[in-house]
Amino acid sequence: MTDDGSDERAMPDREEFSHDPLGHAHVRGGMSVGELVEEYGEAGIGAAAVHEAADIYAEMLADEACTVFVSLAGAMVPTGMRRIVADLVRDGYVDALVTTGANLTHDAIEAIGGKHHHGSAESPDRSAREHDERLREEEVDRVYNVYLPQEHFSRFETHLREEVFPPLEAQGTVGIADLTRELGRANAAVNGREDVEERPGLAAAAYESDVPIYCPAVADSVLGLQAWMYAQTSDFALDALSDMTPLTDLAYDADRAGCLLIGGGVPKNFTLQTMLVTPNAYDYAVQITTDPDHTGGLSGATLDEARSWGKLEPDARNATVVGDATVHLPLLVAAVRERLAE
């Protein structure tokens, strides 16, 4: 301390610190989703991540030279996210979709007249095991707190055998993207012919918008199981590798590329690994995941880790939102759509 009372201690050389004081989110009645996400930018932790993800996703969609890849894993269709993704496809915000056979199965069930129902993950008057044993007796399948009567699967199997597989059988061996395209065509046709109240859905939107759907793990689903069974007594067969060429070509020809990764698993990796055989990498990347990165699993792997593999450009903009995609996907899409409409 000097004679005049001033402090002579030198301030540290702060290479990582920039003076950007945190604010406090202001929430009020009547505010829009976009305004709420803007307020998230004043806060920290998860709120800041959502705000950053919205910035990056909005820039990705506004970039007319950017080819957008979307991966969709987890139970997104049966839990009510079907229309959100289908509308993104129809509105031109998706150039390629990578998803699971399960999501396509549930999408087709709704397209041809089936419905998922609100249920419960547990029962107040019986154990968890007894709860599910009762559901089995009643022929009801459960996806957490969503119920699906098993008769819808029987109708789906008939749909495949009568509407989807026969046109493909005439071609012999086809790619999985050919199967998903034919599924979308058939879903739209039956939906319109039978005047189904629910919209034709995701695969139909992709078919009508000429957006390819890749489903690398199709065998891991009722759709894949039925395709295998049909192939036992017909000339129909799937070529699991043929989709690699058009998907890689799409990435190779992109001036810039961006990806929205919803959940992890095979769709996430299949979307990211495409850049390993192209001279470029993703310029934008946003992921929503519930998985932590410290377990070393792919689903929780950070996008910075993907950069080490050459899947993201060194200067790519990327953000990870950790949380339930049924909460964060609608929030993110609504906020970004609001920005794009301005």
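Start with helix 2 and helix 13: their crossing is right-handed, meaning the near helix is turned clockwise from the far one by less than a right angle. A word on provenance: this is a predicted model, with local features needing pLDDT of at least 70, side-chain atom pairs counting only at pLDDT 80 or more, and totals for chains, interfaces and linings using all residues. Residues are numbered from 1 along each chain as its sequence is written, and side-chain values use heavy atoms, leaving out hydrogens and water.

Helices (H or I, at least four residues) and strands (E, at least two) are DSSP runs, numbered from the N terminus.

Back to the pair. Helix 2 covers residues 45-62 and helix 13 covers residues 325-341. Their axes come within 9 Å and cross at roughly 50°. Axes are lines fitted to C-alpha atoms, for helices over the stretch in contact, and angles run from 0 to 180 degrees between N-to-C directions. Helix 2 and helix 13 are therefore oblique: not under 35 degrees (roughly parallel), over 145 (roughly antiparallel) or 65 to 115 (roughly perpendicular).

Now the sheet. Which order do the strands take? The order is 7-2-1-9-10-11, six strands in an open sheet with parallel pairing. Pairing takes at least two DSSP bridges. Strand 7 (213-214) and strand 11 (312-322) are the edges. Strand 2 (residues 96-99) joins strand 7 by 2 bridges. Val 98 has Tyr 214 as its bridge partner in strand 7.

Last, helix 13 again. Helix 13 lies across strand 9 (256-262), strand 10 (282-289) and strand 11. Helix 13 runs at about 140° to strand 10.

How values were computed
Contact = heavy atoms within 4.5 Å.
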